[in-house]
Amino acid sequence: MARYAVAGRSAATAATADNFGAALWNPHASRSLYVVEIHWFKTVATRDDVEIARITARGTATVTVTPDVDNDYARIVAPVTGALLDTTYSAQPTIAGPAMYRNVLPAAIGAGFIYAFGGPGIEIPFGTGLGIGTPVATILQPADVTFIFDD
Amino acid sequence: MARYGVGGHNAIAGAASTNRCLAAIWNPHASRALILLHAEWWQADASPGTSNLGLVRISTQGTPGSTVTPDADNDYRRKVAPATGALLNLGDFSVQPTVQGPYMKRAHVSGPASGAGSGIAWVLSRGLFVPAGTGIAIVTTTSFTFDAGDSSWTFDD
């Protein structure tokens, strides 16, 4: 398996619970990928309630970052799964809860978190994803997001 | 063993007291242990106060204000729900769990002037065995009214 890092900037969500700001989507028909780290750093000075949860439908992304060979730690090949980092939505993904993680970020630009998942990481089966959203009916503010995954 | 992550939100405490439970992982199984690897808590109140917190074992479940039941979606491999039937119980509890001290960890979390978002994350590198019919809780170590907050837990089951 190769390791990849892909980053983007999310847009603000609506003030709706379980709306997502960004997600890593696995579009492959049969192959899993494994998320080993998630990084999230605020770009707006407004507090955030944050959840990390699985998604079972991609929704409609209007901004997508497609990792290629330049995102490969060894710079050899693009992700076999065709993994996609979605950062803006016109139709929201479908959450598959309960949330795996929750936290609160203060009203400060630059506040954020880095989650490192031990062992092989969180498996994302084909046709599913892992997203960062708001668990409550308040806007999840824009942030710089990074997913590190094995594929 | 499979690895799970689960998060939840506790309400503000109804009163100030020591050893009042904010959140707890409870293992209801009759014979199987789980292994707790990580616990964290973040203040969610707009004007948070100072929180003196402890991580401690509990020998009774108490009566939680709400419960999150992890399922297959909480499995790192998305295959199966926890075999122990582990539960994330959240405050404010109407009947407090029974604390089995001394505290294993303690932390002092101060509320920032700008509002919510301060907290504590404990990484339990070798894991904390949680025997059947017991749990691990985040509780107050002094008598104060704890804030609403978000907690996250990682465990092997």
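1. In this predicted model, the side chains of A:Arg102 and B:Asp150 meet in a salt bridge, with an N to O distance of 3.2 Å; the term stands for a side-chain nitrogen of Lys or Arg within 4 Å of a carboxyl oxygen of Asp or Glu. The pair crosses between chains, running from strand E7 (residues 94-105) of chain A, which holds A:Arg102, to strand E10 (residues 149-156) of chain B, which holds B:Asp150; strands are DSSP runs of at least two residues, numbered from the N terminus. Both A:Arg102 and B:Asp150 are buried, that is, under 20% relative accessible area with a 1.4 Å probe and protein chains only, where exposed is over 50% and partly exposed lies in between.

2. Within chain B, B:Asp92 forms a salt bridge with B:Arg20, and the closest N and O atoms are 3.0 Å apart. This pair links distant parts of the chain, 72 residues apart, since B:Asp92 sits in the loop between strand E6 (87-90) and strand E7 (99-109), and B:Arg20 in the loop between strand E1 (3-10) and strand E2 (21-27). Both B:Asp92 and B:Arg20 are buried.

3. In chain A, A:Arg31 and A:Asp151 meet through their side chains in a salt bridge at 3.7 Å, N to O. A:Arg31 lies in the loop between strand E2 (19-26) and strand E3 (33-42), and A:Asp151 in the segment after strand E11 (143-150), so the pair ties together parts that are 120 residues apart in sequence. A:Arg31 is partly exposed, at a relative accessible area of 29%, whereas A:Asp151 is buried, at 2%.

4. Over all chains, the count comes to 13 salt bridges. Local features need pLDDT of at least 70, and side-chain atom pairs count only at pLDDT 80 or more, while totals for chains, interfaces and linings use all residues. Side-chain values use heavy atoms, leaving out hydrogens and water, residues are numbered from 1 along each chain as its sequence is written, and chains are lettered from A in the order in which they are written.

Terms used
Helices (H or I, at least four residues) and strands (E, at least two) are DSSP runs, numbered from the N terminus.
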